[in-house]
Amino acid sequence: MEVKRKKVLQCAMAASATCLGGCDLLTHNNRGHAMAGGFVKTDVVRVLAPARLHLGFLDMNGSLGRTFGGIGLGIAEPRTCLTLCHAEGKTHHITGMEGRRAARYLEAISRQLALPGPFSLHVSQAIPSHAGLGSGTQLALSVAAAVRHLQKLPLDPEGDAARLGRGLRSGLGAGLFRRGGLMVDGGKGNLDAPPPIVSCLPFPSDWRVLLVMDSKDEGIHGTAEVEAFRRLPPFPEADAARICRLTLMQMLPCVAERDIEGFGAAVHEIQRMVGAHFAPAQGGVFTSPRVGAAMAALDAMGAHGTGQSSWGPTGFAFADSEDTAQNLRRGLVGKGLADGLDIRVVAARGGGAVVETVSHGLDGMKHDRMESAR
């Protein structure tokens, strides 16, 4: 029995794996395996999707016919984790975190793909909402990917982003769901699809990100975000040109050459230009005054590339190692600037989301799959 079980487990780990985008978005598709005593069903799909940092827009002027453009980085945590299976009855069954949003995305993708359902969906982990970390897009794409994988349909992050109303201004959410690293999208043109990804670089594995999150505040979102963009003045063409030059001629080459000082200097300048433009809408360069104070202290302590992700309130800084990042974190605590803030040291994410079929009947399968997602 043990010999047969070991053979089945090896088969389950190796069989029928398919990869999307050069094996960056990891998928496993094992519907079931023969085993002594019967047949083990493997019809529960799990998706793990990482958060992202938005490091700045490229061109909010739009005089060349494309608007926004963005710089994003996949990070290892926080992340969204959900499971999906077929359900009995006539209606979907939703449990766990972000239930209302998850139900809306499940209904929408089921309707878009003409799938009868019903499905049972459980969200066990969720990226904090309205924190500037891409929670809505990652949840939407996770639900869509789970449904597709369960139904043996090809994954389509970019298409599903459009179907679910995500990626209206940025292609980074769909791009980083597909693969990790440091990514640049080329801005919104005339197509309904998310903007194209024009650059994707591996991020140094030993560098660390210091996340500074304020749960008592939230970034602008929804109709308020649309209204904020409408009311902001035109972005100066010269500033857009400067940001594009910093990105192409400093930020990206410095990542390729592992030059954190040059990378950080580019991020810092881009962030201050973009933050000054958004300041009238968000009450300052930083949405959260407490996060802003922490960023100023990190600047003084020698952190690299401080800034705010999207509309915030999450702030970030970069360090060349785990030890350096932890020292910076302790420095904030020692100055009394960590009170009421959630400060984490995280690594960049080198791969995209993980989409997999979970075998409940095989001991150890769940642990092995989790290891593959890290």
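How many salt bridges does the count come to? By the rule used here (a side-chain nitrogen of Lys or Arg within 4 Å of a carboxyl oxygen of Asp or Glu), the count comes to 16 salt bridges.

## What you're looking at

This is a predicted model, where local features need pLDDT of at least 70 and side-chain atom pairs count only at pLDDT 80 or more, while totals for chains, interfaces and linings use all residues. Residues are numbered from 1 along each chain as its sequence is written, and side-chain values use heavy atoms, with hydrogens and water left out.

## The chain as a whole

Helices (H or I, at least four residues) and strands (E, at least two) are DSSP runs, numbered from the N terminus.

Of the 374 residues, 53% are buried. Buried means under 20% relative accessible area, exposed means over 50%, and partly exposed is in between (1.4 Å probe, protein chains only). Now take contacts (heavy atoms within 4.5 Å): among those between residues at least 6 apart in sequence, 74% join residues at least 24 apart.

Side chains of opposite charge can pair when their charged atoms come close. Take Arg258 and Asp206, whose side chains meet in a salt bridge at 2.7 Å, N to O. Arg258 sits in the loop between helix H7 (237-256) and helix H8 (260-282), and Asp206 in the loop between strand E10 (197-201) and strand E11 (208-213), so this pair ties together parts that are 52 residues apart in sequence. Arg258 is partly exposed at 45% relative accessibility, and Asp206 is partly exposed at 32%.

Next up is Arg163, which pairs with Asp156, their closest N and O atoms being 3.1 Å apart. Arg163 is partly exposed at 32% relative accessibility, and Asp156 is partly exposed at 24%. There's a network here too: salt bridges link Arg148, Asp156, Asp160 and Arg163.

## A negative patch

Which residues gather in a patch of negative charge on the surface? They are Glu257, Asp259, Glu261 and Asp320. Patches are made of residues with over 30% relative accessible area and no salt bridge, with like charges joined within 9 Å and nonpolar side chains (Val, Leu, Ile, Met, Phe, Trp, Tyr) within 5 Å. Asp and Glu count as negative, Lys and Arg as positive, and His and the chain ends are not counted.

Look for Asp320 in the loop between strand E13 (315-319) and helix H10 (322-334). Asp320 is partly exposed, with a relative accessible area of 37%.

Note on methods:
Accessible areas come from the Shrake-Rupley method with a 1.4 Å probe; for residues, only the protein chains shown count as cover. The place of a charge is taken as NZ of Lys, CZ of Arg, CG of Asp or CD of Glu.
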